[in-house]
Amino acid sequence: MPDPIKEEGPGETGQGMMGISDEQWRAITHNDPAYDHKFFYAVKSTGIFCRPSCKSRPPRKENVRIYGNAEEALEARFRPCKRCKPTGERLPDQEWAVQITRCIEMNYMEPLTLNILADMCHGSPYHLQRTFKRVMGISPMEYIQQQRTARAIEYLIHTEKAIHEIAVNVGIANTPYFITLFKKSTGHTPAEYRHKHRDKQTWGGNEE
């Protein structure tokens with residue numbers, strides 16, 4: 001199973017980023033093919049870049065970055081859209097799976113369903129589910145739960161946040177449901193996990 005990307009997020013260091021004009025925004029929201037090859041747009045919250053004509057749902061304007069060509073978007077660590085193929089090449093399934101993991105890692109704190117994730121990553125829910133599981137060995141929803149559990153563990157050990165706050169911060173507004181999922185993943189409730197691992201930190205022990 002390939003390791004998910006942990007490097008700096010897309011759009012932080014790339015060359016060629018420009019402000020978005022009203023004309024460009026209209027082209028994006030209307031999927032206007034007349035603007036293809038005049039510019040490309042990337043979405044910071046998903047790490048994906050597209051042609052203006054891409055049929056994907058319009059992103060939030062504040063998340064959009066504009067690039068003069070595909071090479072600039074690639075240099076800024078954005079990945080090409082599987083749907084509109086801005087580089088002119090088909091995106092390999094393994095690269096799409098890595099793209100999906102990055103999207104999950106950037107948005108795990110949001111309500112994520114398979115349909116929402118597929119919309120963000122520009123594919124059908126069925127194809128995304130099948131491709132991700134074949135490449136990564138687990139389902140997208142299992143990967144989301146892994147990310148949420150890992151972030152919850154960090155909060156439990158390193159902060160004083162209440163359990164309900166942690167649940168909301170990792171994308172699960174229902175606290176009892178969060179506790180159930182956390183116990184299923186770790187074998188302990190969040191409170192038990194915090195107590196056990198803080199004791200280890202306090203005493204420097206390694207006992208189970």
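The dialogue below reads a few features of a predicted model, one at a time.

Biologist: Before I look at details, what should I know about the numbering and the values?

Modeller: Residues are numbered from 1 along each chain as its sequence is written, and side-chain values use heavy atoms, with hydrogens and water left out. Since the model is predicted, local features need pLDDT of at least 70 and side-chain atom pairs count only at pLDDT 80 or more, while totals for chains, interfaces and linings use all residues.

Biologist: How many helices and strands are there in the chain?

Modeller: Helices (H or I, at least four residues) and strands (E, at least two) are DSSP runs, numbered from the N terminus. The chain has 9 helices and 4 strands, and along the sequence they follow the pattern α-β-β-β-α-β-α-α-α-α-α-α-α. Contact means heavy atoms within 4.5 Å, and of the contacts in the chain with a separation of 6 or more, 62% are between residues 24 or more positions apart.

Biologist: What share of the residues in the chain is buried?

Modeller: Buried means under 20% relative accessible area, exposed over 50%, and partly exposed in between, with a 1.4 Å probe and protein chains only. Buried residues make up 48% of the 208 residues in the chain.

Biologist: Which residues of helix α1 are buried, and how should I read their placing?

Modeller: An α-helix has 3.6 residues a turn, so residues three or four places apart point the same way. In α1, which spans residues 22–29, Gln24, Trp25, Ala27 and Ile28 are buried. Seen down the axis of α1, these buried residues fall within an arc of 160° (taken from the directions from the helix axis to the C-beta atoms), so they line one face of the helix. Their cover includes strands β1 (40–43) and β3 (64–67). Just after α1, Asn31 takes a positive phi of about 50°.

Biologist: How do I read a salt bridge, and how many does the count come to?

Modeller: Side chains of opposite charge can pair when their charged atoms come close. The rule asks for a side-chain nitrogen of Lys or Arg within 4 Å of a carboxyl oxygen of Asp or Glu, and by this rule the count comes to 5 salt bridges. In one of them, Lys61 pairs with Asp22, with the closest N and O atoms 3.9 Å apart. This pair links distant parts of the chain, 39 residues apart, with Lys61 in the loop between β2 (48–50) and β3 and Asp22 in helix α1. Lys61 is partly exposed at 34% relative accessibility, whereas Asp22 is exposed at 53%.

Biologist: Which residues are linked in a network of salt bridges?

Modeller: The network links Lys82, Arg90, Asp93 and Arg134. Within it, Arg90 and Asp93 have their closest N and O atoms 3.3 Å apart; Arg90 is exposed at 54% relative accessibility, while Asp93 is buried at 15%. Asp93 also meets Arg134 in a salt bridge of 2.6 Å, N to O, and this pair joins helix α3 (residues 93–107) to helix α5 (residues 125–136) across 41 residues. Arg134 is exposed, at 56%.

Biologist: At what angle do the axes of α3 and α5 cross?

Modeller: Two packed helices are described by the angle between their axes and the distance between the axes. Here the axes come within 9 Å and cross at roughly 100°, which makes α3 roughly perpendicular to α5 (the class for 65 to 115 degrees). Among the residues making the contact are Trp96 and Ile100 of α3 and Leu128 and Phe132 of α5.

Technical notes
Axes are lines fitted to C-alpha atoms, for helices over the stretch in contact, and angles run from 0 to 180 degrees between N-to-C directions. Angles under 35 degrees count as roughly parallel, over 145 as roughly antiparallel, 65 to 115 as roughly perpendicular and the rest as oblique.
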